[in-house]
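Subject: A structure for you to look through

Hello,

Here is the structure I promised to pass on to you. Please open it beside this email and follow along as you read.

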Amino acid sequence: MRHSDTSVVTIERYIIEQEQHYPQATGDLSAILYDLALAAKMITNRVRSAGLADVLGETTGINVHGETQQKLDVLAHNIIIKAMDHTGRLCAMASEESPDLIPIPDGFRTGKYALLFDPLDGSSNIDVNVPVGTIFSVLRKVSAGTHGTMADMLQPGRRQVAAGYVIYGSSTMLVYTTGQGVHGFTLDPTLGEFLLSHPDIRTPLCGRYLSVNDSYATGWEEPVRALMRHYRGLEGGHPALSVRYVGSLVADFHRNLLGGGIFAYAGNHDHPAGKLRLLYEVNPLAFIVEQAGGSATDGVQDVLDIVPHALHQRTPLFIGSADDVALARRLLGGPLAGAGA
Ligand code: P6P
């Protein structure tokens, strides 16, 4: 169903409308998205008041109620676990905050989906009021038995059934895809509702922005340095891109998704395989950007085709506008693929 710009549509209603495209749907995936939207509202409240932690005397490690002060990303992790672990829709979870698979507690029903997430990416930016984000990925259970196993987590990103992120910025937005395009919802704090604000997001074929941390340039391979010279308009006739690097993945990705651009995090001396995690940072954003008309590569292949071997494995990442990513594939040696090749 298409909505006019003046439609007031809540995320719950939109999810139900999307579900109607799948007559065989049981509603489990829709329920997972509702529950994640609820968790996002709870995390928003904590992120918004984090700057007042000093004023509220909560930075001593023990807050005013005598509770141990938790780091915000651990708090976000716990909020998501508590919102999801008893619903009977998941077989297991995985989190950036947890070294191992997170099983569904005994006594709770299990379900047919696996949820992987980074509860609060970029949380070190909270103290300087830079936007941070939650990133999530949903896979269908593939293992036998009722409880999830690592096999359910270590699936290529192309098998995702849903992916999304929440950006806690000047406003809180939830952006997700279930393979039917990319849709953005802005939280109306007076209503406590996520309202459809960005239906069917498409990312421009050619970008405006380059997001990269140049401090690693000395550790880049020469083809990466050449690629950056192209993006900066110094070589190859590529128009010079404006450099915008917040240092918070969700913030950089979101701006580039809407305005067109390329986010690049190559392997370097500090992070030979890159810094970003494949399963719960890169794959969800790659699913989203492909659904919006862009693409994402590690330099050699589409990241969505990478067969994972470890829960927290990292990957180099070049993600965003299709033509800019195709240039990365061309210069870094990967066979051309995807739009804009
Ligand atoms: P660097 C934040 O710590 C993060 O994981 C991402 O949000 C961000 O894109 C990246 O690291 C920034 O890394 O090495 O440039 O500081």
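First, some ground rules. This is a predicted model, in which local features need pLDDT of at least 70 and side-chain atom pairs count only at pLDDT 80 or more, while totals for chains, interfaces and linings use all residues. Residues are numbered from 1 along each chain as its sequence is written, and side-chain values use heavy atoms, with hydrogens and water left out.

**The ligand**

Which residues are around the ligand? They are D121, G122, N213, Y216, Y245, G247, S248, L249, F263, Y265 and K275, where being near takes a heavy atom within 4 Å of the molecule. Some of these come with distances between polar atoms (a polar contact is a pair of N or O atoms within 3.5 Å; within protein, one must be able to donate a hydrogen and the other to accept it, and residues adjacent in sequence count only if both atoms are side-chain atoms). D121 has a polar side-chain atom 2.4 Å from a ligand oxygen. For Y245, a side-chain N or O atom is 2.5 Å from an oxygen atom of the ligand, and for K275 that kind of distance is 3.0 Å. On its own the ligand would expose 400 Å², and the protein buries 82% of that; such areas come from the Shrake-Rupley method with a 1.4 Å probe, and for residues only the protein chains shown count as cover.

The ligand sits in the second largest pocket. A pocket is found on a 1 Å grid over the protein atoms alone, as an open set of points where a 1.4 Å probe fits, with protein on both sides within 12 Å along at least five of seven lines. To sit in a pocket, a molecule needs more than half of its atoms within 2 Å of the grid points.

**Helix α7**

Helices and strands here are DSSP runs numbered from the N terminus (helices are H or I with at least four residues, strands are E with at least two). Helix α7 covers residues 278-291. It is largely enclosed by the rest of the structure, because 12 of its 14 residues are buried. Buried means under 20% relative accessible area, exposed means over 50%, and partly exposed is in between (1.4 Å probe, protein chains only). Among the buried residues of α7 are L278, Y280, P284, F287 and V289.

E290, also in α7, is partly exposed, with a relative accessible area of 28%. Leaving out neighbours within four places in sequence, E290 is in contact (heavy atoms within 4.5 Å) with R158, S295, D302 and L304. Just after the helix, G293 has a positive phi of about 100 degrees.

Helix α8 spans residues 322-332, and its buried residues include A322, D324, V325 and L327. What do the buried residues of α8 pack against? They pack against α5 (222-231) and the strands β11 (261-265), β12 (295-297) and β13 (317-320). G333 follows α8 and has a positive phi, near 100 degrees.

Now find H238, in the loop between α5 and β10 (242-243). Is H238 buried or exposed? H238 is buried, at a relative accessible area of 16%. Its side chain makes a polar contact of 3.0 Å with the side chain of D324. With neighbours up to four places away set aside, the contacts of H238 are H230, Y231, G233, D324 and L327.

**H77 in helix α3**

H77 belongs to helix α3 (residues 72-84) and is buried, with a relative accessible area of 11%. Beyond four places in sequence, H77 touches S95, E97, S98, I102, F117 and P119.

**Loops to look at**

N129 has a positive phi, near 60 degrees. N129 lies in the loop between β3 (113-121) and β4 (132-140) and is exposed at 73% relative accessibility. D200 has a positive phi too, about 50 degrees, and is not a glycine. D200 is in the loop between β8 (193-198) and β9 (209-211), where it is partly exposed at 33%.

G145 is exposed, with a relative accessible area of 58%.

Happy exploring!

How values were computed. On a 1 Å grid over the protein atoms alone, a cavity is a set of points where a 1.4 Å probe fits but cannot get out, and a pocket is an open set with protein on both sides within 12 Å along at least five of seven lines; lining residues have an atom within 4 Å of a point.
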